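This report describes selected features of one protein chain.

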Amino acid sequence: MAKWVYSFGDGKAEGRAEMRNLLGGKGANLAEMSSLGLPVPPGFTITTEVCTWYYANGNTYPAELKDEVDRALARIEAVVGAKFGDANNPLLVSVRSGARASMPGMMDTVLNLGLNDRSVLGLGKSSGDERFAWDSYRRFIQMFSNVVLDVGHHYFEEALELRKEELGVHMDTDLKADDWRSVVGEYKKIVEKRTGKPFPQEPREQLWGAIGAVFGSWMNQRAITYRRLHSIPESWGTAVNVQAMVFGNMGEDCATGVAFTRDPSTGENLFYGEYLVNAQGEDVVAGIRTPQLLTVQAKVAQKSDAPAMEEVMPAVFKQLDDVRRTLETHYSDMQDIEFTVQRGKLYMLQTRNGKRTAKAALKIAVDMVREGLIDRKEAVARIVPASLDQLLHPTLDPKAPRKVIAKGLPASPGAASGKIVFTAADAERQARGGEKVILVRRETSPEDIHGMHAAQGILTSTGGMTSHAAVVARGMGKPCVAGAGDVRIDGRAGTLSVRGTTVKAGEFITLDGGTGEIMLGVVPTVQPELSGDFAELMQWADEVRRLGVRANAETPTDAATARKFGAEGIGLCRTEHMFFEGDRIVAVREMILADDEKTRRAALAKIQPMQRKDFVDLFEIMAGLPVTIRLLDPPLHEFLPKTQADMEQVARDLEVSAEEVEARAHKLHEFNPMLGHRGVRLGISYPEIYEMQARAIFEAVAEVQKKAGKTVIPEIMIPLVATRKELDLMKAVVDQVAAEVSQLTGQKLDYLVGTMIELPRAALRAGEIAEAADFFSFGTNDLTQTTFGLSRDDSASFLEKYQQRGIFEHDPFASLDVEGVGELIEIARERGRKVRNSLKLGICGEHGGDPASVFFCHKAGLDYVSCSPYRVPIARLAAAQAALGGPLKTE
């Protein structure tokens, strides 16, 4: 029989850390901490399988669940010595979500559950603090009403602000017991007015309402968006954790806080966190009050006047520091912990592998290898490949002038400039229109996630280093400045003001997430310097990977960048990109307008020395590494102008009539150019084009070999081949040119001729094509288009709908379709290598830099992947993880 509920607490637990798929990350780690003997308030976890059942059975529960919950509640009552629903000595509980992957702030939480009009009096008596009891009750009404009854937070906030105005006070802490009692009365009136029913008084009705709300929140819009952005499957579901409440808001000997066992921004081995005296957990995370720092060292570094926990509660701090070491040693990873201090006693509410920046992840992994906590392979498996993007992009130029108008907390590193916007909707809309924007909010909430994703950076005026804005921005690799208390934000007026300076919506600011500085205007950036930790970890990755990593590059700058990032050659040089530069576009257009071969050859003769120079530069930078050069691929009309004014300019440049240019453009026009006169079809129609390119390649090889005295072996790639005969004809052209150049220069020329497999027919007939090819490079962009019958340029309008409806799990242009396109690659590999065992295989679409696609390429037995230069480190790390059996599943 299925077990739906697992208990924990009092030094023992029915679950353990490895059961995260069933218990969710929070539940599994609460069980583990209990078993370690750490002070964890008792509770129980309702499994993720109940969530799956709930959605599969019309939002209902398994028949046995109620009895299992009742038995687990009784166990909590026995440990705590209080009774759920009792008027005199009430047990209060929290109800929280807990998916197997951490989703901070995305789903719903209810605290202080079990309070009603009678038990609030009992809580006041048993705690000896009526103010605390009524404060807890008003918090519960607001949270429960928002999460379960769908009454907006703002109704309650407005009522509280009015009450504070009447009393002439500013802080919540200034309200006394009778004040909170009257606020509770107002809150209950709001609930009755908004729902038509009184606030529920029966604790078990409250409990099941909250459980249902947590399961329901798995399918709320912000959770759906977060899952899509972080590739978390809907089928995983969430667990629900019900836990005895402990209170950080019972007085000055109480506190609540969030901490990281190492600095999540830099990775330094420093205890890092924030706390608030006399507060509940959501006060820290929600950014409602700006919290204080844990350690004296952090307080000094941040130039804070507020006392550190190390000063205020030295004994409890020491206990917390010991827990920090216990957890980090046990999990062999940096932990993100939540804690509460109730009347001088420490309670641990959560631990999980902490979210961190890419820079911190590298430092922590390398340091932990040195400390003997993990080995090199685990360090390699632990870094999320895509997160390396954060390290490979520009930061502010230290020499650039800047006008700093304010400073907040450096919540997520990096730098960004953009026009300020005040709502997530504006951020998304303007970013879609190509604008760079900075999202400016008093504080962010989970509803803002789509705007945070669209923005270049995030600025908040309240909240700390562990607020929602900070945690989500770090996860996205976006710069964030939080808690900028001097900044006044007026979203309605569309202004940001600070000490006499006002910035309006649509004006530019720059954020430095590493220092917390906010600057007027746009500040220039510089390229990153990669740390020694980066180089060391990449070396460990290279030691274990089997798959080669090349770059897609055709300019000297791209090729040099690729080498800097560890590329082992060029896997795709798109020669047409070279045609658009400077004078050569004029010669290319002259060639296109030519009416006969002789005129075409005359125009090509002008282009040839330019192409030769391009190839010399690439061969010299690559210094003997393989360079795969794709001969001309796009249809010729792409090189002709589109507007009348541009056509007239071209006509003047070429000394022909505008009508002639227009007629040629019209003649070359195609209804479906992606499947038209392009690739090898151009070579068949105009062999002199491929002949010129081959000559430029071989003359460059001869020149570099003569200069450097080292052999250069180019790989010449014929695009869009569908039949063996096409390849045979083009290979004959290449071979003939090679022989001519070799004879003229006296240089021995070694080279390979291969093809791009980007048509399903080519994949199916790979055995036949391999008889003539030295290598295959899978052009997965076009192979995806031709397999699905989808246009990459036109499908964006409906692909998202396909993902929402579960037709596609991912955008097939971003992550390889393993089932369809992947099967064609495997068929081509099998049939090609059956004929030619030494056949070299790689991919050169953008999929080459997508970690999931790299895993597939490793498994499929390819020799290399090729991707854009900035994605080379990502591909190197993903290839190493593929060799190790996949990345570690961390939170």
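In this predicted model, eight strands make up an open sheet with mixed pairing, and their order is S13-S23-S22-S15-S16-S17-S18-S14. The edges are held by strand S13 (404-407) and strand S14 (409-412); each has a single partner strand, so one side of each is without a neighbour in the sheet. On average, neighbouring strands of the sheet are turned by 30 degrees against each other, with direction ignored.

Strands of a sheet pair through backbone hydrogen bonds, either parallel or antiparallel. S16 and strand S17 (residues 457-460) run parallel and are joined by four bridges. Within this part of the sheet, Val-440 has Leu-459 in S17 as its bridge partner. Helix H16 lies across S15 and S16, and runs at about 175 degrees to S16.

Lys-419 belongs to strand S15 (residues 415-421), while Glu-435 sits in the loop between helix H16 (424-432) and strand S16 (437-441), 16 residues apart. Glu-435 counts as partly exposed because its relative accessibility is 33%.

**Salt bridges**

Side chains of opposite charge can pair when their charged atoms come close. The structure holds 64 salt bridges, and the table lists some of them.

| Pair | N to O distance |
|---|---|
| Arg-204 and Asp-70 | 3.5 Å |
| Lys-748 and Asp-750 | 2.8 Å |

The salt bridge of Arg-204 with Asp-70 links distant parts of the chain: Arg-204 is in helix H8 (residues 203-217) and Asp-70 in helix H3 (residues 65-80), 134 residues apart. Arg-204 is partly exposed, at a relative accessible area of 30%, and Asp-70 is also partly exposed, at 22%.

In the pair of Asp-750 and Lys-748, Asp-750 is partly exposed at 30% relative accessibility, whereas Lys-748 has 60% and therefore counts as exposed. Elsewhere, salt bridges that share partners connect Glu-576, Arg-630, Asp-633, Arg-678 and Asp-782 into one network.

**A helix pair**

Helix H24 (residues 644-654) and helix H25 (residues 658-668) have axes that come within 8 Å and cross at roughly 115 degrees. The crossing of H24 past H25 is right-handed. On the H24 side, Gln-644, Met-647, Glu-648, Val-650 and Ala-651 make the contact, and on the H25 side Ala-658, Val-661, Glu-662 and Ala-665 do. By class, the residues in this contact are six nonpolar, one polar and two charged.

**Two buried residues**

Is Thr-784 buried or exposed? Thr-784, which is found in helix H31 (residues 780-788), has 0% relative accessibility and so counts as buried, since the cut-off for buried is under 20%. Leaving out residues up to four places away in sequence, Thr-784 touches Gly-789, Pro-812, Phe-813, Val-821 and His-847.

Asp-179 lies in helix H7 (residues 177-195). Its relative accessibility is 13%, so Asp-179 counts as buried. Which residues does Asp-179 touch, not counting those up to four places away in sequence? They are Arg-163, Leu-167 and Asp-174.

How values were computed
Residues are numbered from 1 along each chain as its sequence is written. This is a predicted model: local features need pLDDT of at least 70, side-chain atom pairs count only at pLDDT 80 or more; totals for chains, interfaces and linings use all residues. Side-chain values use heavy atoms; hydrogens and water are left out. Axes are lines fitted to C-alpha atoms, for helices over the stretch in contact, and angles run from 0 to 180 degrees between N-to-C directions. A crossing is left-handed if the near helix is turned anticlockwise from the far one by less than a right angle, and right-handed if clockwise. Contact means heavy atoms within 4.5 Å. Ala, Val, Leu, Ile, Met, Phe, Trp, Tyr, Cys and Pro count as nonpolar, Asp, Glu, Lys and Arg as charged, and the others, Gly among them, as polar. Buried means under 20% relative accessible area, exposed over 50%, partly exposed in between (1.4 Å probe, protein chains only). A salt bridge is a side-chain nitrogen of Lys or Arg within 4 Å of a carboxyl oxygen of Asp or Glu. Two strands pair if DSSP finds at least two bridges between them.
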